[in-house]
Amino acid sequence: MINLLILPLLIPLVTATVLIFLTKSVGAQRVISVISTIGTLAASIVLLLTVKNEGIQTINVSSWEAPFGITLVSDMLSALLVTTTSLITLCVILYSFRSIGASRERFYYYSVIQFLLVGVNGAFTTGDIFNMFVFFEVMLMASYVLIVIGGTKIQLRESIKYILVNVISSALFVIAVALLYSVVGSLNMADISQRIAEIGQLPILTVIAVLFLIVFGLKGAIFPLYFWLPGSYYAPPVPVLALFGSLLTKVGVYSILRSYSLFFYHDQAFTHELLGILAIITVIIGGIGAIAYWDVKKIIIYNIIVAVGVLVYGISVATEESYKGMVFYTIHDMIIKAALFLLIGVMIKITGTSDLRKMGGLMKKYPLLGWTFLIAAFALAGIPPLSGFVGKLLIVRGGFAEGEYVSSLIVLLSSLVVLYSVIKIFMNGFWKAPKEYPGEDSQPVTFLWVPGAILVLTSILYGVGAEVMYPIISQATDALVNPTIYIDAVLKE
Amino acid sequence: MEILMSLVIGALLASAVYLMLSKSLLRIIIGTGLLSHGAHLLIITMGGLKRGAAPLLGEEAAAYVDPLPQALILTAIVISFGVTAFFLVLAYRAYQELGTDNMDEMRGNEAND
């Protein structure tokens with residue numbers, strides 16, 4: 001079916017619209033959003049298999065020929081990311097049932113989540129730079145609502161800062177697109193790439209490349225543009241935080257990957273060098289934050305920054321091996337970050353606090369939760385049979401092959417810091433003497449644990465099945481290493 | 001003509017940055033308004049300001065102005081309009097709840113709310 005690749009966008013869009021009419025009945029909202037998200041997941045899996053068998057899928061919307069209309073492009077990379085996004089959204093929706101509270105649910109919560117899914121899937125699928133801006137705005141607008149929904153004081157305070165930063169970065173995105181349009185005269189990403197290859201990377205294009213880096217770096221929280229993230233992500237409730245932490249920053253990283261592998265690959269001595277330096281500082285800053293705090297949310301939030309640094313480092317090395325590692329690590333990190341946020345969410349629900357020093361002894365009463373968290377922690381750090389291992393191995397090997405010993409070593413050492421930070425949660429939260437927590441027995445712990453466990457299980461399968469995933473991942477990196485594959489698929493020459 | 005526009009856009013962006021660095025929330029929102037004006041004018045300038053008819057085929061002119069930047073601006077305008085409306089209401093709510101519009105007083109750690 002030729003319209004297959006629009007389904008992961010269309011299904012949540014229709015659902016979001018339908019859900020607006022059903023705000024009064026929470027039950028109907030839950031049923032519809034679960035069914036439709038399962039539908040989105042199924043559609044994206046079918047899409048993934050189609051791309052695997054038949055190569056890159058494209059649609060020219062309304063049948064306008066490629067550079068003139070808007071083209072949606074699903075190569076292996078975007079199909080993988082769309083599938084992961086749909087899975088994570090499904091788990092977060094399941095988690096929300098018992099955790100978000102009826103007052104928020106009645107206030108368009110599920111509808112806004114579907115809009116967020118539209119924005120993220122759209123940003124992964126589009127083949128047009130201005131259309132990407134529009135999908136960014138769809139995603140951001142939904143995230144503004146999600147961050148402030150409920151209207152507590154901390155949410156109001158932090159959402160003002162979050163919105164301000166994103167308004168500025170959106171204006172910069174518009175400016176960057178305007179400058180790019182004035183130089184190449186096209187908005188279609190394949191066409192832009194082709195034209196840049198023809199004229200070579202003029203100095204003005206390097207300037208635009210750095211401008212794009214600033215824009216996407218603000219979305220993806222790389223050094224020195226990460227300053228808004230720890231405060232803003234601390235404010236919203238846990239399921240929203242899980243969505244943000246696993247999806248939003250990765251859209252920024254994906255955009256850096258796409259623009260730097262498709263448009264701006266001619267002057268690597270400058271652009272990719274810059275990217276590498278920023279990535280390493282990001283890793284260090286994130287690592288410092290992760291070990292500095294005694295707050296479970298803060299620890300995992302700083303781990304997002306570490307992972308973004310590692311991913312951007314993978315982009316900066318720009319060899320086939322490092323791209324493979326980077327794609328592998330992106331999928332792993334999306335899944336495992338969502339899982340970790342959901343699991344610490346359960347811990348916070350039980351204990352009623354996010355301060356690690358007030359927790360302790362959860363292992364006795366909740367062994368399943370404890371072991372799941374431990375597996376997730378090991379996967380995050382990249383212990384061999386689990387999913388974090390292969391990605392980081394390939395990134396570091398790519399770095400060493402390029403002779404970047406110091407930075408590869410820092411990436412390697414960051415694993416230790418990450419491991420220390422999450423094991424600190426495990427040792428202080430699950431070991432030690434058990435404590436009494438008021439209101440603990442009324443919490444639906446098993447129900448809340450299941451979505452996190454599904455994600456951890458996925459991550460285990462992903463790690464153990466690395467052999468199966470490898471050809472898929474290398475198909476995803478083909479278009480990154482060799483942009484003509486992407487261009488030919490879109491412009492059909 | 002483009003040089004003149006560039007100077008005007010530069011002035012707009014400079015005042016936007018100045019306003020956004022101030023303490024009062026309303027001045028910051030006025031700054032974001034100026035910022036989006038600057039960005040939109042930049043699109044129309046970067047599309048080229050050559051003389052031509054308005055992009056209506058009924059004009060039957062020899063040359064038209066580039067219609068694409070105009071469509072882009074129209075999209076960007078409504079988006080920034082939506083975001084600004086949301087931001088203004090949020091500022092109003094924050095003023096009601098927090099009792100201040102001074103960004104300095106909105107600092108503070110998570111614990112003290």
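## Ground rules

Buried means under 20% relative accessible area, exposed means over 50%, and partly exposed lies in between (1.4 Å probe, protein chains only). A:Glu105 is buried, with a relative accessible area of 2%.

This is a predicted model, where local features need pLDDT of at least 70 and side-chain atom pairs count only at pLDDT 80 or more, while totals for chains, interfaces and linings use all residues. Residues are numbered from 1 along each chain as its sequence is written, chains are lettered from A and ligands numbered from 1 in the order in which they are written, and side-chain values use heavy atoms, with hydrogens and water left out.

Where does A:Glu105 sit? A:Glu105 belongs to helix α4 (residues 102-105) of chain A. Helices here are DSSP runs (H or I, at least four residues), strands are runs of E (at least two), and both are numbered from the N terminus. Contact means heavy atoms within 4.5 Å. Leaving aside residues up to four places away in sequence, A:Glu105 touches A:Val26, A:Gln29, A:Arg30, A:Ser96, A:Phe97, A:Ile100 and A:Tyr110.

Two of these neighbours also make polar contacts with A:Glu105. A polar contact is a pair of N or O atoms within 3.5 Å; within protein, one must be able to donate a hydrogen and the other to accept it, and residues adjacent in sequence count only if both atoms are side-chain atoms. The side chains of A:Glu105 and A:Tyr110 are joined at 2.5 Å. The side chains of A:Glu105 and A:Arg30 are joined at 3.0 Å.

## Salt bridges

Side chains of opposite charge can pair when their charged atoms come close. A salt bridge is counted when a side-chain nitrogen of Lys or Arg is within 4 Å of a carboxyl oxygen of Asp or Glu. The count over all chains is 12 salt bridges. One of them links A:Arg30 and A:Glu105, with the closest N and O atoms 3.0 Å apart. A:Arg30 lies in helix α2 (residues 26-54) of chain A and A:Glu105 in helix α4 of chain A, so this pair ties together parts that are 75 residues apart in sequence. A:Arg30 is partly exposed, at 25% relative accessible area.

Chain B has a salt bridge between B:Lys23 and B:Asp104, with the closest N and O atoms 3.2 Å apart. B:Lys23 lies in the loop between α1 and α2 of chain B and B:Asp104 in the segment after α3 of chain B, so the pair ties together parts 81 residues apart in sequence. B:Asp104 is partly exposed at 35% relative accessibility. Back in chain A, salt bridges that share partners join A:Arg157, A:Glu158 and A:Lys161 into one network. A:Arg357 pairs with A:Asp355, the closest N and O atoms being 3.8 Å apart. A:Arg357 is exposed, at 54% relative accessibility.

## Where the chains meet

The contact takes 35 residues from chain B and 30 residues from chain A. The area buried between them is about 3,000 Å², and carbon and sulfur atoms give 83% of that. Buried area is the accessible area (1.4 Å probe) that two parts lose on being put together, summed over both. How many salt bridges lie between chain B and chain A? The count is zero. The rule does find three residue pairs in polar contact across this interface, both residues at pLDDT 80 or more.

On the side of chain B that touches chain A, the elements giving two or more residues are α1 (2-20), α2 (25-46) and α3 (67-98) of chain B. The largest share, 15 residues, comes from α3(B). By class, this side of chain B has 22 nonpolar, seven polar and six charged residues. Nonpolar covers Ala, Val, Leu, Ile, Met, Phe, Trp, Tyr, Cys and Pro; charged covers Asp, Glu, Lys and Arg; the others, Gly among them, are polar.

## Backbone details

The peptide bond from A:Phe223 to A:Pro224 is cis, with omega near -5°. A:Pro224 is in the loop between α9 (203-220) and α10 (229-234) of chain A.

A:Ser63 is not a glycine, yet its phi is positive, near 60°. A:Ser63 lies in the loop between β1 (57-60) and β2 (71-74) of chain A. Is A:Ser63 buried or exposed? A:Ser63 is exposed, with a relative accessible area of 66%. A:Ala318 also has a positive phi, about 60°, without being a glycine. A:Ala318 is in the loop between α13 (296-317) and α14 (320-351) of chain A. A:Ala318 counts as buried, at 19% relative accessibility.
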